[in-house]
Amino acid sequence: MPPRPSDSVTGDVGAAGPPHALGVASSFLGQPWHWRGLAADGREGFGTDDLVTQLLLARGCPREALDAHRLPSIRGFMPDPSIFRDMDRAADRLADAVERREQVAVFGDYDVDGATSAALLIRLLRALGLTARPYIPDRLMEGYGPSGAALLRLAGEGASLIVTVDCGAQAFEALEAARAAPADIVVVDHHKCLSALPPAHALVNPNRLDEAAEAAAHGHLAAVGVCFLLGAALIRTLRARGFFADRAEPRLLDLLDLVALGTVADVAQLRGLNRAFVAQGLKVMAQRRNVGIAALIEASRLTRAPTCQDLGFALGPRINAGGRVGRADLGVRLLVTDDAAEAQAIAVELDRLNEERRTIEADVQVVAEERARDDRMVTVVAGEGWHPGVIGIVAGRLKERLDRPSIVIALDEHGMGKGSGRSITGVDLGAAILAAREHGLLLAGGGHAMAAGLTVAGDKIEALADFLEERLAAAVAIAREGRSLRLDAVVAPGGVTPALVESLDAGGPYGTGWPAPRIATGPVRLIKVDRVGVNHVRAIVAGDDGRSFKAMAFRAADTALGQTLLAAPPHRRLWLAGRVRRDDWSGRAVAELHLDDAAWVE
């Protein structure tokens, strides 16, 4: 646990900010270290609170809400779905479709949030006796979101109700074109909205600008979370109509594995209701009730119950691979099937496509890094022939490497660009993309604070880069100026154990907005350090207590952290900072430290 400032935190206090943790004013990565949760004057501590309480308080949990956050439950965080605009109207229309046995189509985005959103509604409607048809647009041929042609085609093939999930909030032209269709359209989305809304029977989105404060407070939900709320509203509506007088109600909670997967993969903030979605969803996933998810776990070579980290780095990327470099509907087909053989075949194919995606991504990454300008606070790079399916991942890699918002644009043979962007904390990229669209720089665009997508003519890319630089440079500078490495605890090298992992995990689930605990340990000396894999650094370190463990710095061999570790003399002592993880691959439970930074012991 963090030591009390009066006992062992060194560094000056005053206008410069809080005291430096362990005396580290400038690390290998050139940043100060601070204790998470301490007041600016450094006087506030956590007293005799236990470790989990400290972790919760340091992440902004009020003391009066500690019990709810220790074991986050759906009941404890679930709002009344009716607080959202158009929610009751959407639930009524779906209830009509269930009672009349209408043909329903669910139009989803091609990423994990879209696939899980579509799968949730399709599985729920199936449990209510209605077979719904999924439709996922092809990334290359159709692009993001609904098109008028696709909506008209679905209506022409008999769908009297079309529900768009994880898309539609900006689909003005498509929904206008579909007005003539003999089908109602319900939009369920979470992306930022303009003041004007596209025409639809109902548009459910906590990020509508006309939402009341209570509903807008749930703007961090992924689309699959909004779909879960719609599912609850639908069941309640059917209950009030007497639909369940002679049949059992479906267990909506059994679909929380889909909600957890979509929420984490979409990098939604894990606070409030999202914490409950993920905490409870992981429990459902561990039971492997969904045969598609079970097959995906097997294809990912996971031999234990999935963790929050597995959702983001093992399961999510494989579902995404279908929409990125394969067939866009593979993900939703996997998640809705009850056929174990079909699920296994799709999971194996997604695993293969994920490996193909890795190769394509690496090629684009090299060129994108070469084209990134050092004199910009916002990176905008473009290339002909880049695969649109990997540009979002590459944008995320650039953002991490350069510590600034990054947009990667794939140009086609006609000079049109499809772009994807990722941002840093404190810089709202989605709002900037909407502003660029309103200024006529984009053909289409939208997103949320941390991620955005766009369509741009090739001759407008330079003007777009200038616009974003002017609009966001100050915010980027402020965000980077206040950057520091936040530590939750300091432990002796001998304390880096599986038991520590279990203790820290009790404050989870962790993710965006609820960061995983970062510990510092030391002083240590480097026993062995080498470069492994493509760009990783591995070190065996030992402390003054004689205990040793493995530390890994991923994708860091060419960074200041990796280079300093590789060149470090064996006699110098270091502080290490990072996340402690359990390593089960060796056949026995051990702990290793995944490094974020390091510093010399002065």
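This is a predicted model: local features need pLDDT of at least 70, side-chain atom pairs count only at pLDDT 80 or more; totals for chains, interfaces and linings use all residues.
Arg241 itself counts as partly exposed, because its relative accessibility is 33%.

Salt bridges that share partners join Asp96 and Arg241 with Asp92, Arg93, Glu99, Arg100, Glu102 and Asp184 into one network. Across the whole structure, the tally of salt bridges comes to 47.

Another pair brings together Arg483 and Asp403, whose side chains meet in a salt bridge at 2.9 Å, N to O. Here again distant parts of the chain are linked, this time with both partners in loops: Arg483 between helix 19 (461–481) and strand 12 (485–487), and Asp403 between helix 17 (391–402) and strand 8 (406–411), 80 residues apart. Asp403 is buried, with a relative accessible area of 19%, whereas Arg483 is partly exposed at 37%.

Then there is Arg525, which meets Asp544 in a salt bridge of 3.5 Å, N to O. Arg525 lies in strand 14 (residues 519–532) and Asp544 in the loop between strand 15 (536–543) and strand 16 (548–553), so this bridge ties together parts that are 19 residues apart in sequence. With a relative accessible area of 34%, Arg525 is partly exposed.

Turning to the strands, five of them make up an open sheet with mixed pairing, running in the order 7-8-9-11-10. Strand 7 (379–384) and strand 10 (444–447) stand at the edges with a single partner strand each, so one side of each has no neighbour in the sheet. On average, neighbouring strands of this sheet are turned by 15° against each other, direction ignored.

Strands of a sheet pair through backbone hydrogen bonds, either parallel or antiparallel. For strand 9 (residues 416–422) and strand 11 (residues 451–457), the pairing is antiparallel and extends over seven bridges. Within strand 11, Thr455 is the residue that Lys418 stands opposite.

How values were computed:
Residues are numbered from 1 along each chain as its sequence is written. Side-chain values use heavy atoms; hydrogens and water are left out. A salt bridge is a side-chain nitrogen of Lys or Arg within 4 Å of a carboxyl oxygen of Asp or Glu. Buried means under 20% relative accessible area, exposed over 50%, partly exposed in between (1.4 Å probe, protein chains only). Helices (H or I, at least four residues) and strands (E, at least two) are DSSP runs, numbered from the N terminus. Two strands pair if DSSP finds at least two bridges between them. Axes are lines fitted to C-alpha atoms, for helices over the stretch in contact, and angles run from 0 to 180 degrees between N-to-C directions.
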